[in-house]
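Okay everyone, thanks for coming. Let me put the structure up on the screen, and then I'll walk you through one part of it.

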Amino acid sequence: MESTANNRVIHVRELVKKFGDFVANDHLNFDVYAGEIFGFLGANGAGKTTAMKILCGLQRPSSGTIEVAGFDVYKQSDQIKKNIGYMSQRFSLYEDLTVKENFQFYGGIYGLSATEIKDRTRQMLESLQMTTSADMILRDIPLGWKQKLAFSVAMVHRPKIVFLDEPTGGVDPITRRQFWEMIYEAASKGVTVFVTTHYMDEAEYCNRISIMVDGRIEALDSPAALKAKYNAATMDEVFIRLARAGVRSMNG
Amino acid sequence: MRIIFYILQKEFRQIFRDKVMLPIIIVIPMIQLFILSYTATFEIKNTRLSIVDQDKSTTSRALISKFSGSSFFTIASYETSYEDGMERIKTGTTDQLLVIGKDTEKKLSRKEEASVLLVTNAINGSAASLMNAYASGIINDFNRFILEDQGPAGAVPALIAVQSRHWYNPKLDYKTFMVPGILVLLVTLIGMFLSGMNIVKEKEKGTIEQINVTPIKKYQFMIGKLLPFWLLALFELMIGLAFARLVFSIPMEGSVVLLLGIASVYLLVVLGLGLLASTVSDTMQQAMFISWFFVVIFILMSGLFTPVESMPAWAQNLNRLNPVAYFIQINRMIMLKGSGFQEVSGLFVALCVYAAAILSIAVKRYKKTA
Amino acid sequence: MKGFIIKEFMHIFRDRRTMLILFGMPIIQILLFGYAITNEINNAQIAILDHSNDQSTREITQKILSSGYFALNTKLNSAEEIEKVFREGKIKEAIVFESDFDKKLRNAPPASLQLITDASDPNTANLLSNYTQAIALDYQKQLTAAMPAPARLNIQSTMQYNPELKGVFMFVPGTITILLMLISAMMTSISIAREKETGTMEVLLVSPLKPFHIIVGKVIPYILLSFINALIILVLAATVFGMPFQGSLLLLLLESILFIVMALSMGILISTVSNSQQTAMLLSMFALMLPTILLSGFIFPIENMPFPLQIFSHIMPSKWFIIIIKNIMLKGLGIAYVWKETLILVAMTFFFIGLSVKKFNIRLG
């Protein structure tokens, strides 16, 4: 994977986000490149979700230069939104609509044509092997499947970058595995995947990871390089070594 | 436009699929209209009257028969003493006590003045003043009867002949007054609560974030969210008008089209207020309490069941900010008096300004980022 | 147990907006009832069409306008204008003096005075026409003062318990009742339903706390809250609006506790049958609040409702509580006059507690 300014899709310099006196993001600097799976790690409260929300245009940064998909978050958030997909920590499809209706709604508000919506819905249901469940109300579908559906919905408009906020929270290991297969497949098609997670084994699947502690990025490199640097056998060890230094983590 | 269509499609699907909400939206308002029209009444009839007749004369019996013949009174009991009568007022088993003193007939025949005592339970002040007015009316009538009885010598020629005519509701039917107001109440509740709750629900469930990352425009989202409830409330108003006509025989003197046209502007105000409540709350409970708070004040001051002109000046000025007051007035004018556009135009313009102001504040306050 | 109650308090007080509304709403309501909303007539807008404009009509007009009930909105010039001003909604009554009023009054009585009211508001119309007639008769009496007074029945009216006919007397008992109901039944049911929804109820149930303790812990803060709120209203009513307090405060407070316990048991019952906050909220709104407001005699007298609704009002606990408050506060009566109502409330309380215990046990079993 080439890391040049040409295929840079996320560009963050000196990002600061304050809530009153509380500094959620303390001068973050990083770049993410096309087709990369970028892991965003950190204990609870380290500031991952805030940073991700800023990149998605859900929150405004206090200061810093941020470009997503080549657009400025301050001025071109509409352009950005057309090019990104987002799957939030809280499950965010409509529980009282059917699978098909959820696709139809999100496809519709991204401006897809009726035939596009139909085709893509069919394709996605096929690849998820859920064709028979198309008319099921989402409430009646097991959590693991819902998560996979939410990912598909986030991809319905073929975004350049997809942001996943702890996508595998609460699902069983097998579904987690399948979920990561979907992520790999997306990345292989050139979609950049920006993912936050708690699971250190998942961190190993990423091309590069950054580890946040107390609002700052303490480490950023490939998993192998990080393990070498901290002389650790697993990512778990790397993480614990870094996170232990933090003050506001660990308490939930 | 296509994007708005997709939001509308989704909203209607959700509304019609919800087994709890749908009956609430359609059935409950009708039941309310029905029950409210019967319960929300300050009409006074069947006032319970207890009588202490210490005179036991032709005159006293004639007076009592005037009361028992009136549709406003039912004789609750005959008591032997004032104390017994007061006991009834205390226990709440009678509303009014009439005491006819001893020698009333004798005094009258001697052309002296005689007095009757009328005690009214006045805890409900407004009911008491009406009961008192009715009782006085009957006694004054009776006086005329005595005078005629006393022959031309006692009669005073009537110098002024007063003729009263009650326009727009000659039978003084209270439902005719209340139903147009209750209709306003119903569409207000539907519009305000449902629109506010709907957006807060997306906040609570987290689905609003998913929408916020899409390139959807603020106005598209707002229209998609408000239009379904706007349509529902108008639909409900039409059903309510039919119901008022068929069940309560409330007249529709003016133009239905004019009424619906004004209602559609009024609903913009109501929906805007619901939207505003949703932007300042995080949970449905909060949104409901905030809406409830304002709705109660709006309704109490709206003139729904108390005359607006009787309020002090400051309250009347405050009432200029009360959309419910405007629409109740308009609704009664159109339905009962047949007022046309020209006559309600002043109020209508006020509603338009209100709608524009509230909607722009609400849209401004609703941030996609936050 | 203590910690648990403290936790409940924290939950309630941390929600500032809800607090503000819980305390602000009753105060604003009482102030509105006391100062703004009234069923009395004053400054009713009228139009006068005076065809003669002579001494008598001017005197009568003067008398009408200085009574305080009426305010002149417009002087009309022709009968055609009457309909127009009514349709514009400007006036409630039009008064028409015939031509040569004074001349007829003196030489060929009676002179005709016509009243037209806007009866789309029937009560106001009725009162206005009564007041105007009374003023006209009064004027006539002035003219005939020289003649010997005819024998007639005079009326001595006493307005028992509320001589100034203040509206607030009627509304204070109702507002207290609604408020106790709102806080005790609605807030408890929503708060228990929330614990069920978020799953924290299960955590509590597996803890060594007994279900009874959990319920008691949940309701104590609400009891206190509603109590404080009720006291604020009472103090406000007494100090600002001079509402008398005739009876025993102790008795009233005891009765209030009884009503609060009754409302709480209703709230618990609602929470046992609803699984989500929304259901609890809607149930409380439609099954509790609306009937309480409409069928308790809070604003609208029950006696004037159709018979089936009067029967239905008997099962409204608030109806009985409002009677109790009025009897104690305004009439100054003791337990001898309210024991029946008290017994009904006690019976209702046992009924609701029994039912919720049964529901609760079924759920656990």
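So, let's start with chain C: the centres of its domain 1 and domain 2 are 49 Å apart, going by C-alpha atoms. Just so you know, this is a predicted model. Where do those two domains run? Domain 1 of chain C takes in 2-37 + 166-364, and domain 2 covers 44-143.

Now for the overall shape. The C-alpha trace of chain C stretches about 95 × 45 × 40 Å along its principal axes. Its radius of gyration is 28 Å, while a compact globule of 365 residues would come out near 21 Å. As for burial, 44% of the 365 residues in chain C count as buried. And if you take the contacts in chain C with a separation of 6 or more, 81% of them are between residues 24 or more positions apart.

What is chain C built from? You'll find 14 helices and five strands in there. Let me pick out one of them, helix α13 of chain C, residues 317-330. Is α13(C) mostly covered or mostly open? Mostly covered, with 13 of its 14 residues buried. After that helix comes C:G332, which has a positive phi, near 65°.

Last bit, the neighbours. Two pairs of chains are in contact, and chains B and C share the most contacts. Chain A and chain C have no contact joining them, and their closest C-alpha atoms are 14 Å apart.

Conventions: Residues are numbered from 1 along each chain as its sequence is written. Chains are lettered from A and ligands numbered from 1 in the order in which they are written. This is a predicted model: local features need pLDDT of at least 70, side-chain atom pairs count only at pLDDT 80 or more; totals for chains, interfaces and linings use all residues. Domain bounds come from an automatic or database domain assignment. Two residues are in contact if their C-beta atoms, placed from the backbone, lie within 7 Å. Helices (H or I, at least four residues) and strands (E, at least two) are DSSP runs, numbered from the N terminus. The expected span of a helix is 1.5 Å times one less than its number of residues. A residue is buried if 20 or more other C-beta atoms lie within 10 Å of its own, exposed if 12 or fewer, and partly exposed in between; C-beta atoms are placed from the backbone. The radius of gyration is taken over C-alpha atoms; the globule rule is 2.2 Å times the number of residues to the power 0.38.
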